[in-house]
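The sequence and structure are shown first.

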Amino acid sequence: MNKFKAVIFDMDGLMVDSMMHWLELDQHIFEECGVKLTEDMVKYMTGKSERENINWLKIEHGIDLSGQHLNKRRGAIEEIYNNKTQMMPGIFDLVERIYKSEYKQAIASGAPLHAVQKVVNRFGWQDHFTILVSAEDVDHVGKPDPRIFLHTAEKLGIDPKDCVVFEDAENGVVAAKRAGMMCVAVPDSRWSFGVFGEADLIVDSLEDKQIYKFLNI
């Protein structure tokens, strides 16, 4: 008997390796602004919405992304998600296994909805997810605020306590726990800067068989 009713995935850095491409682009943009991109900055911004990060960078670091830099970042979406980004190890098999189980699946991402749709379409996951949710659905409020996960559970028609979230960022883990959900953390040393002790299971990769035991699938 399955112990959950729904699995909710973060996208960037968890399902696909897009984070490495965004970090590379942001390093160039920040250098142009005379600011060094640090691990603490990456930790703070990961999981938040674009609007939140733009405001924070302007207030805290004097970086104005409202002009050409923002256009450069938005212009990179198609290239990054349509061409550069690849699936993270283990995600294909995991999504397929969950799809064949009794669980519902959803994606809840701080990325724009059209970016999420690009990933789903590119890898043939159109029928695998019940709903796709972005920060746009919750007034551009990203993680660690729990509302994106609570909204996802509401749209699925499932109690938050019956949901398990997969995350690669500390902000995402905190958001999941604040939403009253279980959480599997899959940190990646290239971009997952933070503490993951709140997670109910921590693994190095989605290929780890502990995940299947945890989900009972």
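## Terms and basis

Axes are lines fitted to C-alpha atoms, for helices over the stretch in contact, and angles run from 0 to 180 degrees between N-to-C directions. Helices (H or I, at least four residues) and strands (E, at least two) are DSSP runs, numbered from the N terminus.

The model is predicted: local features need pLDDT of at least 70, side-chain atom pairs count only at pLDDT 80 or more, and totals for chains, interfaces and linings use all residues. Residues are numbered from 1 along each chain as its sequence is written, and side-chain values use heavy atoms, with hydrogens and water left out.

## Helices α5 and α7

Helix α5 (residues 77-84) and helix α7 have axes that come within 9 Å and cross at roughly 20°. α5 is therefore roughly parallel to α7 (angles under 35 degrees count as such).

Contact means heavy atoms within 4.5 Å. Among the residues that make this contact are Ile77, Tyr81 and Lys84 of α5 and His114, Val119 and Arg122 of α7.

## Helices α1 and α5

The axes of helix α1 (residues 18-32) and α5 come within 10 Å, crossing at roughly 145°. In α1, Ser18, His21 and Trp22 meet Ile77, Ile80, Tyr81 and Lys84 of α5.

## Strands β2 and β3

Four bridges join strand β2 (residues 104-109) to strand β3 (residues 131-134) in the parallel sense; strands pair if DSSP finds at least two bridges between them. Serine 109 has serine 134 in β3 as its bridge partner.

Definitions and conventions
Parallel < 35°, antiparallel > 145°, perpendicular 65-115°, else oblique.
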